[in-house]
Amino acid sequence: MTAGATSLRRRSRSRRTPAGAAISVLLWGYAVVVIAPLMLVVFNSMRPTREIFRDPIALPGSINLDSYVTAWNEASFSTYFWNSLFITVASVVLATATSVMAAYVLGRYRFRGSSVLAIFFLSGLLLPFRLAILPLFLLLQNLGLVDTRAGLILVYAATGIPFSVFILSAYFRQLPGELTEAARIDGANEFVIFGRVMFPLVRPALATVAVFQFVPLWNDFFFPLVLLRSSEKWTLPVGMTRFFGEFQTDWSTLFAGILITTLPLVALFLVATKQIIAGLTAGVGKI
Amino acid sequence: MAKITLDDIGKIYPDGTRAVGHVNLDIQDGEFLVLVGPSGCGKSTILRMIAGLEEITEGKLYIGDQLVNDVPPKDRDIAMVFQNYALYPHMSVFDNMAFGLKLRKMPKEEIKRRVLEAAETLEITEFLDRKPKALSGGQRQRVAMGRAIVREPKAFLMDEPLSNLDAKLRVQMRTELSLLHKRLGTTTVYVTHDQVEAMTLGHRVAVLRAVSPQRPYNLQQVAPPTELFNEPVNLFVAGFIGSPAMNMVYGHLEADGDTVWAVFAGNRVKVDPVALERHPGIDERMGDRLVLGIRPGNFEAASHVAGADPDKQIEVNVEVTEMLGNETFVHFLLDEEPVMTPDIQELLGAAAEEEAVMGHKTQFTARVSPDVPVTAGDRLALVIDTAKMHFFDPTHGVRIGATPPPGMEAMVQS
Ligand SMILES: Nc1ncnc2c1ncn2[C@@H]1O[C@H](COP(=O)(O)OP(=O)(O)OP(=O)(O)O)[C@@H](O)[C@H]1O
Ligand SMILES: [Mg+2]
């Protein structure tokens, strides 16, 4: 969302037509609608609950971070946060590492069965993973992976692979073949060509697929709810359900908790916007 | 450095396309050999087979004395310069040049020494820290050259390395390439479809032609540039080498005592005996229909030649003139159907139909001195240097008295 807004704003500078102006107004309006509640959360998380009830929409009188400390320590947000971070990052790294290698082969080599293999990977895009929860659960149970972080990570990584392979193989395909040939003549074997020539060139696409995996995993409620039992392994979305029950009346802490949950995503988009746009538009112009 | 030997090399692509057939070439140690020919004639395929990027499906390839058919590219010890340079976009110029050496585990100081030396030679020292994206086309071209040079390979393979440069830069780089080769003396195989590049760079030039099912042979003629120009083996080579192209017209020779006359399109010119000597066996072809070839440069305005022989002149109606400063091209038409052998059809490609529409006229171009006052519509007397005339067989296009190109022997005998 942040990414889209930035890219459109950049382009709108050259727009001087009435239609262009209308689009600008629309987009700014949308941005306000999105940003306003976020700001409300930020401000109210720094105000005592009493004040919030008296006047829900106001600037904080002073900056007060007590509610964050409460959320972090008393409401176990520290546990949830680190669980979420570890599980999400590990899943994304695992899925991306697997995908980039698969995509390289699918994108750059033709061999017997290569198109069948490509379709096999892509078919994952069509399958609703959540519907497969029962067999998945039984599978993990037999492997002894229910209620383990490793089990969740494996499931997450598997869900991320189809999309990543799809994007990355398209990206690999459009890299000039002469590069591979030049490297081959320079004395590189297949692994060197992959590692030192092709891999560095798909980095923008890697950032894209990493972010696109990160967001839904970070927000996912379903799989940890089903697959994790012990609360010390819970991730933020599951942890929040308990937190909402416990702190029903402590709005300030609620807001702080929400913000802690959202912050990594905002940070991620701020850091990676440029890379994401580069990754998504790759192949439009020649590199 | 090493010689490269192609022994009856052929290539059939996996989809069944035959791209190359029966290519025999002995490339000498230190030679600069140019492969030239129209688009699709198999130049790149041959070069890529030498490089090891394309499987050799027929014949044997030797680099030095080693049979390399099944040797992977990295072990052939050759360097290649690509048309689009193929520089690694994420590496600096220095790293681009050093990559091959690093992979060969060369000591760091030696790598640095070689890269700096090559950069010095190519005048790219100031760009060593830049990425290829921040370089102009000409500079990228130099980096690509540098990457080949530092390897100090047995041979350089270059596939149209100058074709992405603008005209002026191309001429400059051509000269530099030539000097570089003089300095390094590395065996070089150079692919181009630009016959000027071929003529100026090559010690020898191999003219190639696309194979056909009837004629699975690419090579037409392998010879030093002047020989190609003066003694083209057939109409294909004659039409391809030289710019503007050689003029060709149907005609015949008439012996009249000691003198031989060339008769074409209502003209009759005396043929210099030198021209006859250059075509052994021409005596037996008196009166036969032939293709006569005259290069544009072998014309001159009669008014500008002291004591011009009236027997070697033709009078023409000037259609178009092109004044280029140090020469003027005069275009005119002869009253004869255009020469349309398979060779010529192949050379003209799509333009062949256009030519056919012209009907019973043959286009000619003459180069005259720039100070000849001539404009379209003028009548002009031209004198022909008939010692430089060419005679070809009209059916298979082979030059009279020449050894036919591979695969055409049978046709010439029948
Ligand atoms: N991978 C391939 N599969 C099938 N046919 C091919 C393949 N590559 C080239 N060819 C065919 O082989 C013939 C020779 O191609 P090649 O690229 O060697 O020509 P070229 O002389 O280099 O032409 P250009 O001057 O256009 O580069 C062409 O007819 C081409 O269509
Ligand atoms: Mg080519």
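**The A–B interface and the two chains**

Biologist: What is the area buried between chain A and chain B, and what share of that area do carbon and sulfur atoms give?

Modeller: Between chain A and chain B about 1,700 Å² is buried, and carbon and sulfur atoms give 66% of that area; buried area here is the accessible area (1.4 Å probe) that two parts lose on being put together, summed over both. This is a predicted model, in which local features need pLDDT of at least 70 and side-chain atom pairs count only at pLDDT 80 or more, while totals for chains, interfaces and linings use all residues. Residues are numbered from 1 along each chain as its sequence is written, chains are lettered from A and ligands numbered from 1 in the order in which they are written, and side-chain values use heavy atoms, with hydrogens and water left out.

Biologist: Switching to chain B, is helix α2 mostly covered or uncovered?

Modeller: Helix α2(B), residues 93-103, is mostly covered, with 9 of its 11 residues buried, where buried means under 20% relative accessible area (1.4 Å probe, protein chains only). The buried residues include F94(B), M97(B) and L101(B).

Biologist: What covers them?

Modeller: The cover comes from both chains, including α9 (177-186) and α10 (190-201) of chain A as well as α3 (108-122) and α4 (137-150) of chain B. Just after α2(B), K105(B) has a positive phi of about 60 degrees.

Biologist: How many helices and strands does each chain have?

Modeller: Taking helices (H or I, at least four residues) and strands (E, at least two) as DSSP runs, numbered from the N terminus, chain A has 14 helices and 0 strands, whereas chain B has 12 helices and 20 strands.

Biologist: What share of each chain is buried?

Modeller: Of the 287 residues in chain A, 43% are buried, and in chain B the share is 53% of 414 residues.

Notes. Buried < 20%, exposed > 50% of the residue type's maximum accessible area, 1.4 Å probe, protein only. Contact = heavy atoms within 4.5 Å.
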